[in-house]
Amino acid sequence: MSSPMNRRQAAAAAMQQASAMSGAVDLSVLKERAEAERMRANAPAGPAGEAPGAPGAVPEGASIVDVTEATFEQDVVARSGQQLVVAALWTARSASSVQVTEFMEQLAAQAAGAWTLARIDVDAAPRIAQAFGAQSVPMLIALAGGQPVSAVEGPQPPEELVAWLTEITSKLGLPAPELGEQPEPEADPRMVAAEELMNAGDLDGALAAYEAIVAVEPGNTEAASVARNLTFMKRAQAHDPAVVQTAEPGDVEAQLAAADVLLLGQRPEQAFDRIIDLVRTGDADVKATARARLLELFELFDPAEPFVVAARRKLATALY
């Protein structure tokens, strides 16, 4: 049996493996943006048009409203019958939702009243979030003719937000938004601290730090992705690599361990096939266990990866 890796070796392996996975985050350059000081939650009331605690003041010429449950029908539903309305669900507890909303404010200012940005604090208006079926914030919903026509959920880079809005405005004959020059984002101190733990070889501490971020900010896709990768790395490195050769066909735990080792060795097709064989030949309990593990491993990759697409087809065949 090979000797176990020390923590520094494990950290290096984690970063190498994460870089090899197209859907994984590059652990060496994890960055988030500024935190609560930008939220202005405790700032005094500004001039007319600025809401205390809102992401930012209303830029000149922009059509931006702060919506409550009492004004939702008028400011969102009825208004969308006259013009495009983009509802932005945010909370001061999520730095990424504040950042996305602030960027949408810039686009609304560019539009000069061609469409309206409706800012909705989900802490103050939880029933609106429920009505939209929001699982996390930020969430943007475009409404036209009194109905939602498109939505995007979770933190998105500015270029993705511009592309999303461009697709909508082009169909309505409205001016296309422009990305403009974006300031360099400031580092989130929580993400920096978690990365430092990982670089120091403290994978347990790093994993706990990333999981703590996700616990208070479920929409933080960077932290969630790194946490998934670290969880996998810790589990995979605990297996004896010889399990790939020694696992008996009917030994579920050994086959799952062998799949981990194969994936760690950058052999995803073979790893997925091991688990799919369990789905194909096992009883109901084995099928459920194997399927759950396979779906978990899929999350480590871009869903468009050819080997993921192929494995999903094989899984469907094995199940039905």
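The model is a predicted one, so local features need pLDDT of at least 70 and side-chain atom pairs count only at pLDDT 80 or more, while totals for chains, interfaces and linings use all residues. Residues are numbered from 1 along each chain as its sequence is written, and side-chain values use heavy atoms, with hydrogens and water left out.

Take helix α6 (residues 189-199) and helix α7 (residues 203-216): their axes come within 7 Å and cross at roughly 160 degrees. Axes here are lines fitted to C-alpha atoms, for helices over the stretch in contact, with angles running from 0 to 180 degrees between N-to-C directions. Helices (H or I, at least four residues) and strands (E, at least two) are DSSP runs, numbered from the N terminus. That crossing makes α6 roughly antiparallel to α7 (angles over 145 degrees; under 35 counts as roughly parallel). Residues in contact (heavy atoms within 4.5 Å) include Ala194 and Met198 in α6, and Ala206 and Ile213 in α7.

Helix α10 (residues 252-264) packs on helix α12 (residues 284-298) at an angle of about 15 degrees, with the axes 11 Å apart. So α10 is roughly parallel to α12. On the α10 side, Val252, Leu256, Asp260 and Leu263 meet Val286, Thr289, Arg293 and Leu297 of α12.

Then there's the hairpin. Strands β4 (residues 139-144) and β5 (residues 147-153) pair in the antiparallel sense over six bridges; pairing takes at least two bridges found by DSSP. Ile141 has Ala151 in β5 as its bridge partner. Two residues sit between the strands, and Gly145 takes a positive phi near 65 degrees.

Terms used:
Parallel < 35°, antiparallel > 145°, perpendicular 65-115°, else oblique.
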